[in-house]
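Here are a few exercises to work through with the model open in your viewer. Try each one yourself before reading its solution.

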Amino acid sequence: MSSNLHLQEIQIPVETKPVVFNGLVSGLNETIINVIMTHALTTFGPQFAHQKMRYTNQTVADKVPSEMLHLIDPHWYQFPPLDPLWHKILGLVMIILGIMGWCGNGVVVYVFMMTPSLRTPSNLLVVNLAFSDFIMMVIMSPPMVINCYYETWILGTLMCNIYAMVGSLCGCASIWTMTAIALDRYNVIVKGMSGTPLTIKRALLQIVIIWLFGLLWTILPMVGWNRYVPEGNMTACGTDYLSKDWGSKSYILVYSVFVYYLPLFTIIYSYYFIVSTVAAHEKAMKEQAKKMNVASLRTGDNQSTSAEAKLAKVALTTISLWFMAWTPYLVINYTGIFNGASISPLFTIWGSLFAKTNAIYNPIVYGISHPKYRAALKEKLPFLVCGVTEEPTVSASNAEASSNTTASAKA
């Protein structure tokens, strides 16, 4: 009797046996399938992966059209689809950025071009910066919103190339325009009367060179040096930073030198001497005022120098925001080149989206910090002005007019 009880205690109920057995088989099968899939992805690439995901819907690239599969790196097939909520959030953010970019930069271009006192050689560079940001958001915002709605890139290979080209071109034009602005401030503040003044013709020539230089870098991937591919959650396109080919990797490295590091160091060099010159000038003025027992020496040329210093601060703020916006995307590209395994779709797409926020910074900076722009905006579109608007001083205006006259005479 006790023996039977002992056997009953250790006996496994019949109905649980299939459950245990099926669990073991299921776990084993899943392990085998994962090994096979990993080998297949490496060996056969995107075409094989698409055949599986068409039925299982298990990867972030499951909805990519078949004609674009050759552009999808096998790296992305290890990630599950994003939660549809993320697509909605990304689309909503892009709509907001698009509207702000269109309206803000459009207003900057309109105000600067319709106000005679703002149509100076230096401000042509500002207009070019706003125009570049405007074009970026006009061409890049709608496609991404559409793709977020469909949760993948549905606009075809040609539009993918155009989208990525415009992003690269406008980003390059923006940073080199800012570099030209920094060099202009350096020429005015540091060199002063000994510097060559910026004229309308020289400003226009600089703008043409900037756009041609940017166009060169955006065309190169179209002719074989790297390529443009869908990235992240497949709703945006950019350069192929996951390619194992060092020919493709070299494009990103060389591109970053000419479109990131070179302008960065040029701007740092310019503003180092600008800040040093302004600080030395302010110190000399305070010492002279103390000797003369007066409160301030700011009259005439001194007010002109102060106005130039304010413009330099505006430009420095704008440039700093540009590097804040684009640095995360540079890090993503470098990570893809040297350690692609750590890149996730969500991290990549937010880095790409954050870079586009650069297009909305400039109107805000100028709307807050540029006194003559605020005065012109109050005259043209008063409902867009927030806060108190200070009228530019007569002496500063006269100084700027005198500077423009001198530049025209030397042209």
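Buried means under 20% relative accessible area, exposed means over 50%, and partly exposed is anything in between (1.4 Å probe, protein chains only). A word on the ground rules: this is a predicted model, where local features need pLDDT of at least 70, side-chain atom pairs count only at pLDDT 80 or more, and totals for chains, interfaces and linings use all residues. Residues are numbered from 1 along each chain as its sequence is written, and side-chain values use heavy atoms, with hydrogens and water left out.

**Exercise 1.** Find the salt bridges (a side-chain nitrogen of Lys or Arg within 4 Å of a carboxyl oxygen of Asp or Glu) and work out where their partners sit.

*Solution.* 
Step 1: Searching the whole structure turns up three salt bridges.

Step 2: Take Glu-151 and Lys-63, whose side chains meet at 3.0 Å, N to O. This pair links distant parts of the chain, 88 residues apart: Glu-151 is in the loop between H5 and H6, and Lys-63 is in the loop between helix H3 (46-56) and helix H4 (84-114). With a relative accessible area of 42%, Lys-63 is partly exposed.

Step 3: Next, Arg-227 pairs with Asp-240, their closest N and O atoms being 3.0 Å apart. Arg-227 lies in the loop between helix H7 (200-219) and strand S1 (228-231), and Asp-240 in the loop between strand S2 (236-239) and helix H8 (246-292), so the bridge ties together parts that are 13 residues apart in sequence. Arg-227 is partly exposed at 29% relative accessible area, whereas Asp-240 is buried at 7%.

Step 4: Finally, Arg-185 and Asp-184 form a salt bridge at 2.7 Å, N to O. Both Arg-185 and Asp-184 are buried.

**Exercise 2.** Describe how H5 and H6 pack.

*Solution.* 
Step 1: Get the geometry. Helix H5 (residues 121-150) and helix H6 (residues 156-191) pack at about 160°, their axes 9 Å apart. That makes H5 roughly antiparallel to H6 (the label covers angles over 145 degrees; under 35 is roughly parallel, 65 to 115 roughly perpendicular and the rest oblique).

Step 2: Sort the contact residues by class: 17 are nonpolar, seven polar and three charged.

How values were computed
Axes fitted to C-alpha atoms, helices over the stretch in contact; angles between N-to-C directions. Helix = DSSP H or I, 4+ residues; strand = E, 2+ residues; numbered from the N terminus. Nonpolar A, V, L, I, M, F, W, Y, C, P; charged D, E, K, R; others polar.
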